[in-house]
Amino acid sequence: MTRLGDLERAVMDVLWDSVPATSDGVTVREVADALDGRELAYTTVMTVLDRLAGKGMVQREREGRAWRYRAAASREAYIAQLMLDALDLGGSRDAALVRFARSVTGTEADVLRAALGAEAGLTDRVEDPRAGRARLADEAPER
């Protein structure tokens with residue numbers, strides 16, 4: 001999985017934060033407007049979205065002469081893939097997982113335990129202490 005540069009990450013954050021998965025997506029202009037504090041040229045945003053499409057990070061669909069863009073996967077799926085890629089960097093995956101498990105907070109450990117229990121079929125719900133409620137195992141945690 002490709003790591004994102006700062007501008008790519010900012011564009012993806014716009015897509016992840018403001019475009020529902022069921023949406024038809026957003027135009028380059030809408031993304032540029034959402035990045036208003038950066039004072040970017042329209043063509044810069046268009047180039048970034050084109051490159052993200054080439055990397056498989058965004059999907060685009062033609063609408064007249066323009067394109068509409070949306071994230072190809074959720075932020076959580078992207079981060080999970082980055083974590084899996086990091087495990088493949090070499091050495092022992094088991095040792096890296098143990099070290100990671102020892103570095104998380106108690107609340108994060110509870111979320112991991114619940115997710116592993118759900119994956120093992122012990123439950124179809126994950127207790128998310130941060131959200132203060134139960135959620136389905138494949139439902140993204142609230143941010």
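Visitor: Among contacts between residues at least 6 apart in sequence, how many join residues at least 24 apart?
Guide: In the protein chain, 42% of them do. Keep in mind that this is a predicted model.

Visitor: OK. Which helices and strands are there, and in what order?
Guide: The chain has six helices and four strands. Along the sequence they run α-α-α-β-β-α-α-α-β-β.

Visitor: How much of the chain is buried?
Guide: Of its 143 residues, 27% count as buried.

Visitor: And what about the accessible surface?
Guide: The total is about 9,600 Å². Carbon and sulfur atoms make up 50% of that.

Visitor: Switching to strands. In which sense do β1 and β2 pair, parallel or antiparallel?
Guide: Antiparallel, over six bridges. β1 covers residues 58-63 and β2 covers residues 66-71.

Visitor: Which residue is the bridge partner of Q59?
Guide: R70, in β2.

Visitor: What's in the turn?
Guide: Two residues lie between the strands of this hairpin. G64 is in the turn, with a positive phi of about 65 degrees.

Visitor: What sits over the ring of W67?
Guide: The charged end of R60, 4.4 Å from the ring centre.

Visitor: How many aromatic pairs are there?
Guide: One. W16 and Y78 form it, 5.7 Å centre to centre. Their planes are 35 degrees apart, so the pair is tilted.

Visitor: Which parts does that pair tie together?
Guide: Helix α1 (residues 6-18) holds W16 and helix α4 (residues 75-87) holds Y78, so the pair links parts 62 residues apart in sequence.

Visitor: Are those two buried or exposed?
Guide: W16 counts as buried, at 13% relative accessibility. Y78 is buried too, at 4%.

Notes: Residues are numbered from 1 along each chain as its sequence is written. This is a predicted model: local features need pLDDT of at least 70, side-chain atom pairs count only at pLDDT 80 or more; totals for chains, interfaces and linings use all residues. Side-chain values use heavy atoms; hydrogens and water are left out. Buried means under 20% relative accessible area, exposed over 50%, partly exposed in between (1.4 Å probe, protein chains only). Contact means heavy atoms within 4.5 Å. Accessible areas come from the Shrake-Rupley method with a 1.4 Å probe; for residues, only the protein chains shown count as cover. Two strands pair if DSSP finds at least two bridges between them. Rings of Phe, Tyr and Trp (its six-membered ring) pair if their centres lie within 6.5 Å; planes under 30 degrees apart count as stacked, over 60 as edge-to-face and the rest as tilted. A charge sits over a ring if NZ of Lys or CZ of Arg is within 6 Å of the ring centre and within 35 degrees of the ring normal.
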